[in-house]
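Hi,

Here is the structure I promised to pass on.

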Amino acid sequence: MKIRDLFRAVFPPILFNPIYAATRMAKLRRRTGDAGRYTVDFFEGHAFAWAPLIEQYQPKSYLEVGSLEGMSASFFIRQAGALSELSVHCIDTWEGGVEHLSGGKMEMAMSSVEARFDHNVSKAISAVPNRVRLVKHRDQSHRALACLINQGLENSFDFAYIDGSHQAPDVLIDAVLSFKLVRTGGILVFDDYLWAEEQGHLTDPLRSPKLAIDSFVNVNIRKLEVFYSRSGQLVVRKTSC
Ligand SMILES: C[S@@+](CC[C@H](N)C(=O)[O-])C[C@H]1O[C@@H](n2cnc3c(N)ncnc32)[C@H](O)[C@@H]1O
């Protein structure tokens, strides 16, 4: 048995190892002042890549697919809300993806997650000098995104973050609909571009985001620029509708 496998057998899965999580939370607190109520960290490692992006594009509107406990939304609010007034739309079922459900690879108790989202995001809003209008959409992302398009918000968002379901068919819908909602010149960030659910020695491309993100990028290649962030996320800038 390799040392890595032994470690995983003792501390399954590592993201929920309280010592590891506590260290990363402390780092986030030092970096952003965010002392929120978090039990997991899927974001701290991206903060260093987001800060210059927010500084450069100064986004005033934010669309997030997959909010969990609000760590990424709070980071966005703290950074961009220091610069201007914001409109923030967060979409989540607050039921977890397949990997968070009982028996999944990242099993997580979802019952109190939404309350922690509310607490953490309201702390972030009260920490910034500018007004923040927050709209929560508790729904499947394809329905919430279609609703926003129906409400006339097409081509309006400055910044979108796609971090909901990690199943390829769902990621493809999130990408296509979010792209409609982002304005020309706006930014879309895809989390977990190279993430794949652990399944022994093989992984299933349909149970990971890459196939969907690549399909979306290739089909729209004349309407976007694509960058790979040093933190492992794919960043797309919309160049035309
Ligand atoms: C990885 S977590 C998001 C982490 C968050 N962006 C952060 O950095 O703090 C993924 C979230 O997506 C949500 N989710 C999964 N599938 C979804 C779907 N089809 N529609 C809406 N939300 C979904 C889950 O409930 C979960 O809260």
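**What turned up**

Of the contacts in the protein with a separation of 6 or more, 70% are between residues 24 or more positions apart; two residues are in contact if their C-beta atoms, placed from the backbone, lie within 7 Å. Bear in mind that this is a predicted model, where local features need pLDDT of at least 70, side-chain atom pairs count only at pLDDT 80 or more, and totals for chains, interfaces and linings use all residues. Numbering starts from 1 along each chain as its sequence is written.

The protein has eight helices and seven strands (DSSP runs numbered from the N terminus: helices are H or I with at least four residues, strands E with at least two).

Now the ligand: 21 residues surround it, and the closest are Phe43, Gly66, Met71, Ser72 and Ser165 (a residue counts if its C-beta atom, placed from the backbone, lies within 6 Å). Helix H4 (71-80) and strand S2 (86-92) each give at least two residues to this shell. Sorted by class, the shell has six nonpolar, 10 polar and five charged residues (nonpolar means Ala, Val, Leu, Ile, Met, Phe, Trp, Tyr, Cys and Pro; charged means Asp, Glu, Lys and Arg; the others, Gly among them, are polar).

H4 also meets helix H3 (residues 47-57): their axes come within 10 Å and cross at roughly 40° (axes are lines fitted to C-alpha atoms over the stretch in contact, with angles from 0 to 180 degrees between N-to-C directions). Ala47, Trp50, Ala51 and Ile54 of H3 make the contact with Phe75, Gln79 and Ala80 of H4. That contact has six nonpolar, one polar and no charged residues.

Cheers
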